[in-house]
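Please open the structure in your viewer and keep the selection panel at hand.

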Amino acid sequence: MNPDVVQTALQSGAWFGSDSGAAIPAIDLHSHQFPVWARRDNDPQTARGDGAPFEGPESSTADQKRIKSLFEHLDSTFERGRDMRFEDGMESEFSRELVRLVELHGIVALAIIGRLIADQRSGGEVAGEALRWLGRMEQSQFHWARMRLFEESLCSPSPAVRDGAILALASLNDPHAIPYIRGAVQQETIRELREDMEQVLAQLQDAESCLSC
Amino acid sequence: MPFLLRAIRKNRWYEKPAEPFLASGDVPADPLADLRTDGNCLSVFCIDEDKANLERVLAAYASNRDIIANLDYALIDAQLLEKIGITCIKTVGQLPDQAVNNSWHRDLTGLSGLNLVALAKEILTKGEKLRVSQPRVVELIRTAVDSGHLDANRITPGIREKIKAGKAEAS
């Protein structure tokens, strides 16, 4: 699915439908969230993207329906996750479905997941679990989109989300996250979480040193 | 004094400023998710006072999961159990390391709801909550395989492949 089309659909909000639209805050497409993710993955020549918002074409009704359907599917997957007990290193019905949907729908699924996490509709535990599993996906899959999502999730009001984000960034092992983690360490008020962030910071600094060797 | 180890998810145990819903001396409910019992028993591992067996237990535990991931755990002084009236008995574990199974696995038995809350309180206030990073988990498992501690045939297949692939890359 063309991310430009998705962007337009997200912008219009039409695909959310009248029931749920009011409950979901609008995505600011000029915040560099979704468009920049898409650009980074779709254009390997511009590895970081330039932050310019997309000027996508109008979305088709069929695309809007597909996006709405995917949103509802992911939303219900997150909702079911609330009744599950997650353990590190153990798969669950939630993790399998999440990974399957991202592999199938790519950037569109990631954009929706980012929004579900930001909205905190299903609580920090489920969101943190989602971030962990997104971090473990094969390195080449939507690397920059995931990176952006994890970096932004470091600022979440939920400690469980911040923990999931730091673990996901540890899995990606990309030194690009270093300044974001530094900032998160400075802001972090929970001592144990701050220490875990520092541990990941050290890991990424080692990775950076290795790259420059 | 030896310690008892229980695998946890660290974020459930964060020390946060007093929550308004908690009465004095009460504990939050989230940590109890890491104290899931089976037949009113809770599986733990005994760690030597000098922690000489700690890494071996961690390697065995981590190798028995679906995938390689960080491993969070809590350690408490084993003596604290007596104080809160919890019985600890030696039982055989089910991990891919026989020494860990036969020597260091324990069950906390006959647990009541109040016991669990008391245990959670001890872990929250006196326990160490630690995290082994994912790269370190790989190292621990690899070392345990190389030293013959882990039965490679009993390691989760996905993890076995990762360890093998890592070795192939290194050689």
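This is a predicted model: local features need pLDDT of at least 70, side-chain atom pairs count only at pLDDT 80 or more; totals for chains, interfaces and linings use all residues.

Between chain A and chain B, 9 salt bridges are counted.

Next, select B:Arg131 and A:Asp163 and show their side chains. These two side chains form a salt bridge, with a distance of 2.9 Å from N to O.

Now widen the view to polar contacts in general. Across the interface of chain A and chain B, 18 residue pairs are in polar contact, with both residues at pLDDT 80 or more. On chain A, select helix 7 (124-136), helix 9 (159-172) and helix 11 (191-212): each supplies at least two residues of the side that touches chain B. That side of chain A consists of 12 charged, 9 nonpolar and 4 polar residues.

Then select the residues on both sides of the interface. Here 25 residues of chain A are in contact with 25 residues of chain B. The area buried between the two chains is about 2,200 Å², and carbon and sulfur atoms give 40% of that area. Within chain A, highlight A:Arg85, A:Asp88 and A:Glu192, which lose the most area to chain B and together account for 28% of what that side buries.

Finally, hide chain B and colour chain A by secondary structure. Chain A has 11 helices and 0 strands. Of its 213 residues, 54% are buried. Among contacts in chain A with a separation of 6 or more, 71% join residues 24 or more positions apart. The accessible surface of chain A is about 9,500 Å², with 48% belonging to carbon and sulfur atoms.

Methods:
Residues are numbered from 1 along each chain as its sequence is written. Chains are lettered from A and ligands numbered from 1 in the order in which they are written. Side-chain values use heavy atoms; hydrogens and water are left out. Contact means heavy atoms within 4.5 Å. Buried area is the accessible area (1.4 Å probe) that two parts lose on being put together, summed over both. A salt bridge is a side-chain nitrogen of Lys or Arg within 4 Å of a carboxyl oxygen of Asp or Glu. A polar contact is a pair of N or O atoms within 3.5 Å; within protein, one must be able to donate a hydrogen and the other to accept it, and residues adjacent in sequence count only if both atoms are side-chain atoms. Helices (H or I, at least four residues) and strands (E, at least two) are DSSP runs, numbered from the N terminus. Ala, Val, Leu, Ile, Met, Phe, Trp, Tyr, Cys and Pro count as nonpolar, Asp, Glu, Lys and Arg as charged, and the others, Gly among them, as polar. Buried means under 20% relative accessible area, exposed over 50%, partly exposed in between (1.4 Å probe, protein chains only). Accessible areas come from the Shrake-Rupley method with a 1.4 Å probe; for residues, only the protein chains shown count as cover.
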